[in-house]
Amino acid sequence: LLPIEVTTTAVDSLPAVGTKLMMNVGNPELAFAQSRIPNQGVGLARMEFIINRQIGIHPRALLELTSQPAGVRAEIEQGIAAYASPREFFVQRLVEGIGTIATAFADHPVIIRLSDFKSNEYAHLLGGKAYEPDEENPMIGFRGASRYASESFAEAFALECEALRYLRDEMGLVNIRIMVPFVRRVAEIEAVLEIMASHGLRRGVNGLQIVMMCEIPSNALNADAFLDHVDGFSIGSNDLTQLTLGVDRDSALVASAFDERDPAVLRLVELAITACRARGKYVGICGQGPSDHPDFADWLVSLGIESMSLNPDTVVETWRRLASSAAA
Ligand code: PEP
Ligand code: MG
């Protein structure tokens, strides 16, 4: 399942480097195996990956089960038969998925990101088509924080909050931190935090840290105003590069123009790191950039980034390289 070299490298055989080396983990079934790779926690667990695997049904279709077309309803009923209610099914399956990852990495922080499906991705979940807008540009559409703050998604968002509250407050998995993705404007993070608090998730209570992705140029350009409301940033270099350079990250035609190391992107990344450090707030990166480009990883370390969350298969190699350049 994992390369031999990775499974036999003990965490303490690698010297500490100034930057914490975390991992992106999204599949609960692999979490225990991946936790054997040297690591200092999970910097990004995408909840949409967990929902895809554990649930596969659109949350609104579940919540409005009785008004689904007969075929969809029958399929959903079959899937949830072992649970007391559709709501119970969603929350418990999410608790199992997130709980597995948080338990596998129990000695370290695990940053769970609230779901960041785009509307076209949500439409693929069972029963999803009826609830999702047909957007021209889903990548910059109804996703992330704007979704949680919207009336139409309020009940579905409550389920995500309930799973996270239960895991931290009732199961004691207080290594779980929460991350809010795709926050365009300061008013959005304020609204989302208020909604989360109404569901029992409040910064500082039971040690809860809430951070946000820094992945829209507005986040870096106006960093202080966002940081007034959160415990820090995790830099999403995938979206930040896409939105800074105007390159669709999914289009092969323009892929050659996608580069996290473009000077414009670097300027924004530097703004974000500097702003967080000046205020003693958490700053990490969880985009693909440092996994793909060793020179980018080195540059981030030189700016004093607190953590890098890497693809599991690049952690050991990156760790060794950073350790040897620190020793040189
Ligand atoms: C990012 O944008 O860099 C990121 C980590 O989020 P995602 O790839 O899920 O959009
Ligand atoms: Mg992103």
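**Close-up views of the predicted model**

**View 1. Pairing of β6 with β7.** S234 stands opposite G284 in β7. This pair belongs to a predicted model. Strand β7 covers residues 282–285, and its four bridges to β6 are in the parallel sense.

**View 2. Pairing of β6 with β5.** Strand β5, residues 210–214, runs parallel to β6, and three bridges join the two. One of the residues involved is M212, whose bridge partner in β6 is F233.

**View 3. The two faces of β6.** Strand β6 spans residues 232–235. G232 and S234 point one way, whereas F233 and I235 point the other way. All four of these residues are buried. In a regular strand, side chains alternate between the two faces of the sheet.

**View 4. The surroundings of ligand 1.** The shell around ligand 1 consists of L44, R46, D116, E215, G236, S237, N238, D239, C286 and G287. Two elements, β2 (42–46) and α13 (237–245), each give two or more residues to this shell. The largest share, three residues, comes from α13. By class, the shell has four charged, four polar and two nonpolar residues.

**View 5. W299 in helix α16.** W299 is found in α16, which covers residues 294–302. W299 counts as partly exposed because 18 other C-beta atoms lie within 10 Å, whereas a buried residue has 20 or more and an exposed one 12 or fewer. The C-alpha atoms of W299 and E270 are 9.9 Å apart in space, and the two residues are 29 residues apart in sequence.

How values were computed
Residues are numbered from 1 along each chain as its sequence is written. Chains are lettered from A and ligands numbered from 1 in the order in which they are written. This is a predicted model: local features need pLDDT of at least 70, side-chain atom pairs count only at pLDDT 80 or more; totals for chains, interfaces and linings use all residues. A residue is near a molecule or strand if its C-beta atom, placed from the backbone, lies within 6 Å of it. Ala, Val, Leu, Ile, Met, Phe, Trp, Tyr, Cys and Pro count as nonpolar, Asp, Glu, Lys and Arg as charged, and the others, Gly among them, as polar. Two strands pair if DSSP finds at least two bridges between them.
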